[in-house]
Amino acid sequence: MKPITKAIRIQTEQTGEMEHSTPLFLTSSFCYNDAEEMRATFADEREAYIYSRFSNPGVQEFTDKMVALEGAESGYATASGMSAVFGSFLALLKKGDHLLSCSSIFGSTHSAIKKYLPNFGIEYSYVAADRPQDWEAAIRPNTKMIFLETPTNPGLDIIDLEILGKLAKKHNIIFNVDNCFATPLGQRPIDFGADLVIHSATKWLDGQGRVLGGIVVGKKELVKEIYLFCRSTGPALSPFNAWVLSKSLETLDVRMERHSKNAMQIATTLQTHPKISSLRYPFLPSHPQYSIAIKQMQSGGGVVCFELKGGIDAGRKFLDSLKMLSLTANLGDTRSIASHPASTTHAKLTEEERIAVNITPGLIRLSVGLEHVDDILADILQALDNC
Ligand SMILES: *Cc1c(COP(=O)(O)O)cnc(C)c1O
């Protein structure tokens, strides 16, 4: 079966009632028929559920679908994207190791690295997303993991997964990719040599702005370490959120197709707008890393970003002039969203720090939704007229 069919058809074992849609397994623990069955389960002599911090049928269903979609060996679902990110760091890095990452990474990931990894004696350093030539020189003898996101947030830089995959292999380094922006249907990092792939399921995977969730998939022996770490420390995905997410995956393919189609049309229309000085969308030939994007991605995804000529004031004016698009920090929703990173999510950085990661004063990030594209465009165009 093709991965998208598996995302629809993989189903937790029937409970006897022959439900067509998987029921919600809202239980914290599981029972045994007798003492011997219970002993054998705890001794790992038989496979059975024990406790929902370890696993749960609905959580397993979501996990199995994601493993199929990413072409991975194994997976573990977590309470949020951040617990998947940080779980993968703490389960696999130890005192004296070095994490090599990219300066353009999700804000909370950056904060967690900067604030907490040094407490565990773990070193880190960054390479700029638009300087692919710098990765190899940045590898240290103790580099244990390379972690990156592509496309990057919010600047939409594209990093060559094939080159990084080969580099990681050559130096025997774990290659860990946050694939949130592309989704497994837009890009499969494992095909390019990634050992681990992480998602914030909160974004496109849910796609409807309802639940928090995360997952890590990849090589069996690495995922097992992350599972053991999370099982001991507790960031399990809730069965309810897993049930929502598993259903969401059944429509991921059609949703992403429309998100990408709408985004492409909006990007094409806006790229010559007089109020906009530059615009980025991975599948537009004008994107500086277009050739990498079309090599490793199946579609351009739902995020478009552009720079307003009028800088920070124009950015705020643009948000204030929107009538339909939502002003919210999330992305990957049926509803289109606009954000102005310089005055919101990245306002705490200095101007210099923002510029270093390509967050310019007039940068607007759009998460293109599933509304009719004419309505999304009309709202953006009337807001541009006002700024
Ligand atoms: C949102 C996001 C995360 C964090 O996910 P949460 O589910 O909010 O914890 C990590 N990486 C990227 C790229 C994200 O957009």
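Predicted model: local features only at pLDDT ≥ 70, side-chain atom pairs only at ≥ 80, totals over all residues.
Visitor: Which residues are around the ligand?
Guide: Those around the ligand are Ser80, Gly81, Met82, Phe106, Glu149, Asp178, Cys180, Ser200, Thr202, Lys203 and Gly213. Residues are numbered from 1 along each chain as its sequence is written, and side-chain values use heavy atoms, with hydrogens and water left out.

Visitor: OK, and how far is Asp178 from a nitrogen atom of the ligand?
Guide: A polar side-chain atom of Asp178 sits 2.6 Å from that nitrogen. On the oxygen side, an N or O atom in the side chain of Lys203 is 2.7 Å from a ligand oxygen, and a backbone N or O atom of Gly81 is 2.8 Å from a ligand oxygen.

Visitor: How much of the ligand does the protein bury?
Guide: The protein buries 92% of the 390 Å² that the ligand exposes when taken alone. Those areas come from the Shrake-Rupley method with a 1.4 Å probe.

Visitor: Switching to helices: at what angle do H3 and H10 cross?
Guide: Roughly 35°, with the axes of H3 (residues 57-70) and H10 (residues 239-249) coming within 8 Å. Axes are lines fitted to C-alpha atoms over the stretch in contact, and angles run from 0 to 180 degrees between N-to-C directions. Helices are DSSP runs of H or I, at least four residues, and strands are E runs of at least two, numbered from the N terminus.

Visitor: Which residues of H10 make the contact?
Guide: Pro239, Ala242, Leu245, Ser246 and Leu249 of H10 do, against H3 residues including Phe62 and Met66. Contact here means heavy atoms within 4.5 Å.

Visitor: And what about H11 and H15, how do they cross?
Guide: The axes of H11 (residues 252-270) and H15 (residues 373-385) come within 10 Å and cross at roughly 35°. Among the residues in that contact are Ile266 of H11 and Leu377 of H15.

Visitor: Last one: where is Ser299?
Guide: Ser299 is in the loop between helix H12 (290-296) and strand S9 (303-308).

Visitor: What does Ser299 touch?
Guide: Setting aside neighbours within four places in sequence, Ser299 is in contact with Gly186, Ser260 and Phe283. With Ser260 there is a side-chain to side-chain polar contact at 3.4 Å; within protein, that term means N or O atoms within 3.5 Å, one able to donate a hydrogen and the other to accept it, and residues adjacent in sequence count only if both atoms are side-chain atoms.

Technical notes
Near = heavy atom within 4 Å.
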